[in-house]
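Me: I'd like to learn how to read a structure like this one, feature by feature. Could you walk me through it?

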Amino acid sequence: MIWGIFKRDMCHATRNVIAVIVSMGLVVVPALYAWFNIAASWDPYGNTKALKVAVANNDKGYKSDLIPVRVNVGETIISTLHANDQLDWQFVKSDKAIDGVKSGEYYAAIVIPKGFSADMMTLFSPDIKHAQLKYYLNEKINPIAPHITDQGATTVVNTIDKTFAKTIAQVGLDLASSILHYSQSPQMAEYMRNLNGNLTTMADTLSGASQQVTSYSQLLGSANDIVDSTGKLLASATKAGKQAQNALKQGKSGATSLTSAGANVTSSVNTALDQVSGAFDQVAAKVNKAFDAIGKDSDTAASQLATLSEQISSGESLYDTYITSLNHMRESVEQLPDSDSAKQALLEAIDREITLLEAAKGDSQKLAQQLKDASTQVTQDTAAAERSRKEILNRITSAKQSISNVRDDYATNVKPKIDAFASTVSTLISQTDSMITQLSGTADGLDDVTGDVGTNVTSIRSTLGAIAKKLDSSAATVKELITKLETGGNAGDGNSDGGDGDNDADSGESDELRALATANASTLSTLISAPVALHRVSVYPIANYGSAMAPFYTILSIWVGAIILCAMLKVTISDREKAHVLGLGDTLPRIAGPSGPGNASRWGLRLDHEYFGRYAIFALLALLQGTLVCLGDMYFLGVQANHALQFLAVGWLAALVFSNIVYTLTVSFGDIGKAVAVVLLVMQVAGSGGTFPIETLPKFFQMLYPFLPFPHAIDAMHAAMAGSYGNEYLLDMVYLSLFLIPSLLLGLVLRKPVIRLNNWVSRNLESTKVM
């Protein structure tokens, strides 16, 4: 069945001249697509001589006392570029160069500023400046041209670096040669004799100074013993001063405590007494009010009296607070010396005040008890209640009198003594504090003096000892220098009768220096400016850029050829052709049903027969396309192919895989499948890594890379062209072949469920009369 379909397709394709021409065109067009692109990119970087790049030199040059040679790096750059043919260098003024870049006359421009050489020579000054070239670039003219002109600008920068290093090295070698010649002149010999005499005098002076410094250090050592004895005496005085200071601090603490206690009692007396007196007045009023209500509401009166009793009891804490304050004051007064005349009188006044307060507290307690007893009597006996009323009022009057006695006694006896004593204590505290401060300052001063003297003497002696050692060392160094100068002079004159090993070494070093200075300065400076040469070793070399790009364009053209085949040839078989293959005449029987894939299966023409039968002519034409494009690459364009048969094999396999993928998409989904094939083409152009390394592409394409057929076909073709590492070629061929599996699975199995849907879509598109 498959052979029958293929045989009829071949007959139809060669039936007339037009069919043959179209068939030939289908084979040739993909090859032309590849050859034109490969030829156009054969050697793009070898034809950069036509790219115009302007160069403008405004450098004024540089000359100084340090480097007596006039340096103009800008002129050196211009001279170098005249001999450079990488680009079409245009030497113009800076204004024309910039305007030419803007107008598009020049692709780029390099402007050397006025102070370029001066900025480069700041290498020998504290204020180093980075010399800069101004580089103008027109990026809109062409996407590749900026990269080529950038390479030209890099060449200029490298030239400047080498020229600068060579110039500095040559100047340095010239100076060294001049110095060597001058060292052998009579003027230099006279200078060396004077230098030796001055150095000898300097060495003697340094030795004498070292001896004087040592003697002065010994004198200070003797004085240090006296300082130690004085320090011990001052330490004893300091200890006594500290003991006196502690005693005065204790006295100051006691005086301060007494003053504080007196101030606290003074401030709390009036407040406490006024509160108690006012409270008794309120109690008297409430007592009368409570007894007046006995006849009317005995229970209420009893409750009021009980409340008054509790209030009086709670007020006893005021007496306790006052008594506690007086006791604190008494403790402070007892700390005073017995010789103080005010101490005993103040203690007696405080004791009398405490006694009066305790009496007043007793009156309050009795009053509270009477109020409590009265609260229980008012409900029992009216006459007894009246007697309790009089007794309570009398007790209130007695308690108020006790409070008045306390206030009067405090105002008359205690407060004047406290005020007078507070004034005396304040004066004493001020005097005591002044004495403590003076004594402390004196003691600290004495201690600082003794400590500083001892430390300073020790430090001075240590410093003088170090100075003496430095002077001795300097004298020895100067004497050693004199010896070397005398030895070097003898060696230079050639008058020595043979010396030790050191003299021989010095003579050898002098000979090496003389040889270096008399060598060719230009040759040495060139070596210094570029000490390392880059030796390129190509691994799997590619002859040219066109050969490097050939795999990408060849594989791309084979895919394009597969799309053209599906665009020009029918992928489905008509019922008339099926009937002829089956030997049923011109038409299938009616029972075959509507026209479409698989409708002749009852007569033995299965869906897979239709698939492979029609694909056979696609495969033949695709193999012809791959063969023509690969042969043209190798023998028409001259693309490098170290393994020609492997190169052809890649083209054949790619043709079969690509044509099968595009054919399957088209036979399964019709025109939509063709669109999908174009989308796959676009994706693989960007994500195949054929032009740029896949590592430089966005992350999406790096992830998609292994699942596209282009990368494996391109890698296999590269291996065939330049050589394979291990099984690299075979693996890429296997990976490329694996893409046939999903393609055949779709065309033979997964296609069946969507045949009716595809037929329905095709009928609707045809009904538009446009699609």
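Me: How many disulfides does a search of the whole structure find?

Reply: A disulfide is a pair of cysteine sulfur atoms within 2.5 Å. The search of the whole structure finds zero of them. Before going on, please note that this is a predicted model, in which local features need pLDDT of at least 70 and side-chain atom pairs count only at pLDDT 80 or more, while totals for chains, interfaces and linings use all residues. Residues are numbered from 1 along each chain as its sequence is written, and side-chain values use heavy atoms, with hydrogens and water left out.

Me: What is the mean pLDDT of the protein chain?

Reply: pLDDT is the predictor's confidence in each residue, from 0 to 100. Here the chain has a mean of 75, and 64% of its residues reach 70 or more. Where pLDDT is low, the predicted coordinates should not be read in detail. One stretch to treat that way is residues 494-499, where pLDDT stays under 50. For this stretch the model has three contacts beyond four places in sequence, a contact being heavy atoms within 4.5 Å.

Me: How many helices and strands does the protein chain have?

Reply: Both are DSSP runs numbered from the N terminus: helices are H or I runs of at least four residues, and strands are E runs of at least two. The chain has 23 helices and four strands. Among its contacts between residues at least 6 apart in sequence, 78% join residues at least 24 apart.

Me: Is cysteine 630 buried or exposed?

Reply: Burial is read from relative accessible area: under 20% is buried, over 50% is exposed, and partly exposed lies in between (1.4 Å probe, protein chains only). Cysteine 630 is buried, at 0%, whereas cysteine 11 is partly exposed, at 45%. Of the 771 residues in the chain, 36% are buried.

Me: Which residues of helix H4 are buried?

Reply: An α-helix has 3.6 residues a turn, so residues three or four places apart point the same way. In H4 (residues 94-103), the buried residues are Ser94, Ala97, Gly100 and Val101. Seen down the axis, they fall within an arc of 130°, so they line one face of H4. That arc is taken from the directions from the helix axis to the C-beta atoms. The buried residues of H4 pack against strands E1 (52-57), E3 (108-112) and E4 (134-137). On the other side of H4, Asp95, Asp99, Lys102 and Ser103 are exposed. Just after H4, glycine 104 has a positive phi of about 95°.

Me: What do the buried residues of H22 pack against?

Reply: They pack against helix H16 (607-637) and helix H17 (644-669). In H22 (residues 740-750), the buried residues are Ser743, Leu746 and Gly747. These cover an arc of only 85° around the axis, which puts them on the same side of H22.

Me: Which residues is serine 743 in contact with?

Reply: Setting aside neighbours within four places in sequence, serine 743 contacts Tyr611, Asn660, Ile661 and Thr664. With 7% relative accessibility, serine 743 counts as buried. A polar contact is a pair of N or O atoms within 3.5 Å; within protein, one must be able to donate a hydrogen and the other to accept it, and residues adjacent in sequence count only if both atoms are side-chain atoms. The side chains of serine 743 and asparagine 660 make one at 2.5 Å.

Me: Which residues touch the most other members of the largest nonpolar core?

Reply: A nonpolar core is a set of buried Ala, Val, Leu, Ile, Met, Phe, Trp, Tyr and Cys residues joined through side-chain atoms within 4.5 Å. Of the 62 residues in the largest one, Ile555, Trp559, Phe618, Phe658 and Tyr663 touch the most other members. Among the elements that give two or more residues to this core are helix H1 (2-13), helix H14 (545-568), H16 and H17. A second, separate core of 17 residues includes Tyr322, Leu326, Leu346 and Val414. Beyond its neighbours within four places in sequence, isoleucine 555 is in contact with residues including Val650, Phe658 and Met717.

Me: Where is proline 541?

Reply: Proline 541 sits in the loop between helix H13 (521-529) and H14, and is partly exposed at 48% relative accessibility. Proline 541 and alanine 722 are 181 residues apart along the chain, yet their C-alpha atoms are separated by 6.5 Å.
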